[in-house]
Amino acid sequence: MNMLQSALGGGAIFPAPETLLDGLTFETATRTVLGVPYTLADLLAHLAVTQRASLDLASGKTETWPEGLDIWPGVADAAAFGAFLTDLRLGLAEARALAESPSERAREVLTDLAAHSAYHWGQVALLRRVLGEWPQ
(Lines give C-alpha, C1' and ligand atoms only; values in the text may rest on other atoms or scores of the structure.)
Protein backbone atom coordinates (compact mmCIF):
# COMPACT_ATOMS: atom_id res chain seq x y z
CA MET A 1 0.00 0.00 0.00
CA ASN A 2 1.40 3.41 -0.94
CA MET A 3 1.24 6.65 1.06
CA LEU A 4 -1.77 8.02 -0.87
CA GLN A 5 -3.74 4.82 -0.28
CA SER A 6 -2.91 5.01 3.44
CA ALA A 7 -3.92 8.66 3.60
CA LEU A 8 -7.27 7.87 1.97
CA GLY A 9 -8.08 4.90 4.17
CA GLY A 10 -6.54 5.68 7.53
CA GLY A 11 -5.37 2.99 9.85
CA ALA A 12 -1.69 3.91 9.93
CA ILE A 13 -1.80 7.56 11.00
CA PHE A 14 -5.38 7.89 12.19
CA PRO A 15 -8.23 5.47 12.85
CA ALA A 16 -9.58 3.81 9.73
CA PRO A 17 -13.04 4.98 8.68
CA GLU A 18 -14.41 1.50 9.36
CA THR A 19 -13.25 1.85 12.97
CA LEU A 20 -14.90 5.26 13.20
CA LEU A 21 -18.15 3.88 11.75
CA ASP A 22 -18.19 0.66 13.76
CA GLY A 23 -21.42 0.33 15.74
CA LEU A 24 -22.71 3.76 14.74
CA THR A 25 -26.50 3.80 14.68
CA PHE A 26 -28.88 6.20 13.00
CA GLU A 27 -30.16 7.21 16.43
CA THR A 28 -26.68 8.18 17.60
CA ALA A 29 -25.74 9.80 14.30
CA THR A 30 -28.75 12.12 14.42
CA ARG A 31 -28.23 13.30 18.00
CA THR A 32 -27.26 16.94 18.26
CA VAL A 33 -24.25 18.30 20.10
CA LEU A 34 -24.59 21.73 21.70
CA GLY A 35 -22.75 24.31 19.59
CA VAL A 36 -22.22 22.03 16.59
CA PRO A 37 -24.24 23.10 13.52
CA TYR A 38 -24.59 19.56 12.12
CA THR A 39 -25.06 16.00 13.28
CA LEU A 40 -22.80 13.03 12.64
CA ALA A 41 -25.30 11.90 10.01
CA ASP A 42 -25.03 15.28 8.25
CA LEU A 43 -21.25 15.11 8.39
CA LEU A 44 -21.17 11.58 6.95
CA ALA A 45 -23.57 12.61 4.17
CA HIS A 46 -21.22 15.50 3.36
CA LEU A 47 -18.27 13.10 3.24
CA ALA A 48 -20.14 10.70 0.96
CA VAL A 49 -21.26 13.39 -1.49
CA THR A 50 -17.90 15.12 -1.75
CA GLN A 51 -16.09 11.79 -1.98
CA ARG A 52 -18.30 10.70 -4.91
CA ALA A 53 -17.79 13.98 -6.78
CA SER A 54 -14.03 13.77 -6.20
CA LEU A 55 -13.85 10.15 -7.34
CA ASP A 56 -15.78 10.97 -10.50
CA LEU A 57 -13.19 13.67 -11.24
CA ALA A 58 -10.23 11.43 -10.36
CA SER A 59 -11.49 8.56 -12.51
CA GLY A 60 -12.31 10.79 -15.49
CA LYS A 61 -16.06 10.13 -15.31
CA THR A 62 -16.51 13.90 -15.15
CA GLU A 63 -14.29 16.80 -16.15
CA THR A 64 -15.52 19.40 -13.66
CA TRP A 65 -17.05 19.59 -10.22
CA PRO A 66 -20.83 19.20 -10.54
CA GLU A 67 -22.58 22.55 -10.72
CA GLY A 68 -25.12 23.10 -7.97
CA LEU A 69 -24.05 20.03 -5.99
CA ASP A 70 -25.56 20.10 -2.50
CA ILE A 71 -22.49 19.24 -0.44
CA TRP A 72 -24.44 19.27 2.85
CA PRO A 73 -27.53 17.30 1.80
CA GLY A 74 -28.75 16.30 5.24
CA VAL A 75 -30.19 12.91 6.08
CA ALA A 76 -33.94 12.37 5.88
CA ASP A 77 -34.22 8.95 7.51
CA ALA A 78 -32.45 5.71 8.46
CA ALA A 79 -32.59 4.39 4.89
CA ALA A 80 -30.87 7.50 3.53
CA PHE A 81 -28.27 7.25 6.31
CA GLY A 82 -27.60 3.63 5.38
CA ALA A 83 -27.23 4.58 1.73
CA PHE A 84 -24.67 7.29 2.60
CA LEU A 85 -22.69 4.80 4.70
CA THR A 86 -22.71 2.29 1.85
CA ASP A 87 -21.56 4.99 -0.59
CA LEU A 88 -18.78 5.97 1.79
CA ARG A 89 -17.53 2.40 2.16
CA LEU A 90 -17.65 1.70 -1.58
CA GLY A 91 -16.00 5.02 -2.32
CA LEU A 92 -13.15 4.31 0.09
CA ALA A 93 -12.42 1.07 -1.76
CA GLU A 94 -12.61 2.88 -5.11
CA ALA A 95 -10.29 5.64 -3.85
CA ARG A 96 -7.69 3.13 -2.68
CA ALA A 97 -7.86 1.35 -6.05
CA LEU A 98 -7.46 4.61 -7.97
CA ALA A 99 -4.53 5.58 -5.73
CA GLU A 100 -2.62 2.41 -6.54
CA SER A 101 -1.26 3.84 -9.80
CA PRO A 102 -2.93 7.22 -10.33
CA SER A 103 -2.66 9.56 -13.28
CA GLU A 104 -1.36 13.03 -12.47
CA ARG A 105 -4.91 14.39 -12.38
CA ALA A 106 -6.11 11.53 -10.18
CA ARG A 107 -3.18 12.04 -7.79
CA GLU A 108 -4.06 15.74 -7.39
CA VAL A 109 -7.75 15.08 -6.83
CA LEU A 110 -7.11 12.14 -4.48
CA THR A 111 -4.59 14.16 -2.46
CA ASP A 112 -7.22 16.89 -1.99
CA LEU A 113 -9.79 14.23 -1.11
CA ALA A 114 -7.44 12.66 1.45
CA ALA A 115 -6.87 16.01 3.19
CA HIS A 116 -10.55 16.92 3.14
CA SER A 117 -11.59 13.49 4.39
CA ALA A 118 -8.97 13.35 7.15
CA TYR A 119 -10.25 16.66 8.51
CA HIS A 120 -13.81 15.39 8.60
CA TRP A 121 -12.94 11.89 9.89
CA GLY A 122 -11.31 13.70 12.82
CA GLN A 123 -14.61 15.49 13.41
CA VAL A 124 -16.41 12.13 13.30
CA ALA A 125 -14.08 10.79 16.01
CA LEU A 126 -14.52 13.89 18.14
CA LEU A 127 -18.33 13.90 17.86
CA ARG A 128 -18.50 10.20 18.69
CA ARG A 129 -16.41 10.85 21.80
CA VAL A 130 -18.50 13.85 22.84
CA LEU A 131 -21.63 11.74 22.41
CA GLY A 132 -20.05 9.02 24.57
CA GLU A 133 -20.28 6.58 21.66
CA TRP A 134 -16.60 5.88 20.99
CA PRO A 135 -13.73 4.92 23.27
CA GLN A 136 -11.79 7.77 24.84
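A residue is termed buried when its relative accessible area is under 20%, exposed when it is over 50%, and partly exposed in between. In the predicted model described here, Phe26 has a relative accessible area of 22% and is therefore partly exposed. Phe81, with a relative accessible area of 4%, is by contrast buried.

A pair of aromatic rings is described by the distance of the centres and the angle of the planes. For Phe26 and Phe81, the ring centres are 5.8 Å apart and the planes meet at 55 degrees, so the arrangement is classed as tilted. In total, two aromatic pairs were identified in the model.

The interior was examined next. In soluble globular proteins, nonpolar side chains tend to be buried together. Here the largest nonpolar core comprises 26 residues, and those with the most contacts inside it are Leu24, Leu40, Leu44, Phe81, Leu88, Trp121 and Val124. Two or more residues are given to this core by each of α2 (17-21), α4, α5 and α6 (104-130). The greatest contribution comes from α4, which supplies eight residues. When neighbours within four places in sequence are set aside, the contacts of Leu88 are Leu44, Leu47, Ala48, Gln51 and Trp121. Another core, of 12 residues, lies apart from the largest one and includes Ala58, Ala95, Ala99 and Leu110.

Ala99 is located in helix α5 and, with a relative accessibility of 1%, is counted as buried. Beyond its neighbours within four places in sequence, Ala99 is in contact with Asn2, Leu4, Gln5, Leu8 and Leu110. Ala99 and Leu110 are 11 residues apart along the chain, and a distance of 7.2 Å separates their C-alpha atoms.

Nonpolar side chains also occur at the surface. Trp65, Leu69, Ile71 and Trp72 form a nonpolar surface patch, and their accessible area together is about 340 Å².

Terms used
Residues are numbered from 1 along each chain as its sequence is written. This is a predicted model: local features need pLDDT of at least 70, side-chain atom pairs count only at pLDDT 80 or more; totals for chains, interfaces and linings use all residues. Side-chain values use heavy atoms; hydrogens and water are left out. Patches are made of residues with over 30% relative accessible area and no salt bridge: like charges are joined within 9 Å, nonpolar side chains (Val, Leu, Ile, Met, Phe, Trp, Tyr) within 5 Å. Accessible areas come from the Shrake-Rupley method with a 1.4 Å probe; for residues, only the protein chains shown count as cover. A salt bridge is a side-chain nitrogen of Lys or Arg within 4 Å of a carboxyl oxygen of Asp or Glu. A nonpolar core is a set of buried Ala, Val, Leu, Ile, Met, Phe, Trp, Tyr and Cys residues joined through side-chain atoms within 4.5 Å. Buried means under 20% relative accessible area, exposed over 50%, partly exposed in between (1.4 Å probe, protein chains only). Helices (H or I, at least four residues) and strands (E, at least two) are DSSP runs, numbered from the N terminus. Contact means heavy atoms within 4.5 Å. Rings of Phe, Tyr and Trp (its six-membered ring) pair if their centres lie within 6.5 Å; planes under 30 degrees apart count as stacked, over 60 as edge-to-face and the rest as tilted.
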